[in-house]
Amino acid sequence: MTAIAVTSADLVLPAPDRHTPAAAVLHPPDRLDLEGSLAETTALLERYGHLVVVLPPWLPAATTRRLHTVRAILETDRIALLDIDLPPLATALLVRQLRQLSVCDFSPGVIASAARLLSHYIYAGALLGSVAKLDRVPVGLGAHARSWSPSAQFAVLANPAPHLVKLGGGGGRGGAHAGGAGLPPGPEFATHLTFARGQLASDWVTAELAPAWQVQGVMENPLPADSPGWWATGKLVEFAAAIPDPAVLYQLVASVRREECRWCGAELIGDRCGFCSAPLAAPPPPRAAADATGATAPYRARS
């Protein structure tokens, strides 16, 4: 079996059924010393065999260093450290999908490398009261200028492709309306929508976005602590639509051709190993790379 681990309890969403296991929450360096981290990780490996840890880019550098240090000291190839660049709520949904897959008959290598595949099927965004400081999604000068309006609201999609829509003004809890500008493009497959409220009073996600995206269900969860930092404002309602059905997730992953990592031997799908990060294909030798780009080999004088 493969254990799925995170570094924050708010990345562990409630299990959708009794078969989905919980995720392990690893203690940060300010709460556990190195010896304690080694003991914590060793216990997980002894119990489950393999450990897949999701590492969001907003983690403190000390936390990331600690995890790499633990893996290096233990000298094990049974720990996968996955760099996942999704907004916080979408990261939590991806973690739940990995938890769902962890009880299937997939090898640890397939589960680890499936994270990159599944991330392409998560539609993650937020309703924002300002995009003045947002740097995760391209923002034009006009949107920056309109951010100073007290009634401004923006629908922003960060994944799978960036998209920004200026919504019409209006007061009240349901004050954001599309106003002819359109909605962020949604998924063309069955999803459930999860949302989390920040300091923005609006029902736009449930009243307009959910019906437009034709989601099969809507669930509210607490806002992850790192969401205001990721979106550069506390005036937000974060949302993410993802595939909820474990059978569909299983079919999606099982349909991809499996390979063997040429470096560590782990089974993988896609173009990169989840455990050692080695690419599926070996890089071309220098001469072949130079021939492919038309570059000339450096001149070497005869002796």
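**Exercise 1. State which residues line the largest cavity, and sort them by element and class.**

Step 1. The lining of the largest cavity consists of T7, L26, H27, P28, P29, S37, E40, T41, T63, R66, L67 and V70. On a 1 Å grid over the protein atoms alone, a cavity is a set of points where a 1.4 Å probe fits but cannot get out, and lining residues have an atom within 4 Å of a point. The model is predicted: local features need pLDDT of at least 70, side-chain atom pairs count only at pLDDT 80 or more, and totals for chains, interfaces and linings use all residues. Residues are numbered from 1 along each chain as its sequence is written, and side-chain values use heavy atoms, with hydrogens and water left out.

Step 2. Helices (H or I, at least four residues) and strands (E, at least two) are DSSP runs, numbered from the N terminus.

Step 3. By class, the lining has five nonpolar, five polar and two charged residues. Ala, Val, Leu, Ile, Met, Phe, Trp, Tyr, Cys and Pro count as nonpolar, Asp, Glu, Lys and Arg as charged, and the others, Gly among them, as polar.

Step 4. The volume of the largest cavity is about 80 Å³, taken as the space filled by probe spheres set on grid points that are joined across faces, edges and corners.

**Exercise 2. Describe the lining of the second largest cavity.**

Step 1. This cavity holds about 40 Å³. T41, L51, V53, L67, V70, R71, I79 and L81 line it.

Step 2. At least two lining residues come from each of β3 (50–55), α2 and β4 (79–83). The largest share, three residues, is from α2.

Step 3. Six of the lining residues are nonpolar, one is polar and one is charged.

**Exercise 3. Locate the largest pocket and name its lining elements.**

Step 1. A pocket is an open set of grid points with protein on both sides within 12 Å along at least five of seven lines. The largest one has about 220 Å³ of space.

Step 2. Its lining has 14 residues, of which L93, R96, H192, T194 and P244 are the closest to the centre.

Step 3. The elements giving two or more residues are α3 (88–101), β8 and β9, and α3 gives the most, with four.

Step 4. Eight lining residues are nonpolar, five polar and one charged.

**Exercise 4. Give the strand order of the six-stranded sheet and explain which strands are edges.**

Step 1. The sheet is open, with the order β7-β6-β5-β10-β8-β9 and mixed pairing. Two strands pair if DSSP finds at least two bridges between them.

Step 2. β7 (163–167) and β9 (218–220) each have a single partner strand, so one side of each is left without a neighbour in the sheet.

Step 3. β6 (residues 153–159) pairs with β7 in the antiparallel sense over five bridges. F154 has K166 of β7 as its bridge partner.

**Exercise 5. Determine whether V110 is buried or exposed, and list its contacts.**

Step 1. V110 belongs to helix α4 (residues 108–119).

Step 2. V110 counts as buried because its relative accessibility is 0%; buried means under 20% relative accessible area, exposed over 50%, partly exposed in between (1.4 Å probe, protein chains only).

Step 3. Neighbours within four places in sequence aside, V110 is in contact (heavy atoms within 4.5 Å) with V253, R258, E267 and I269.
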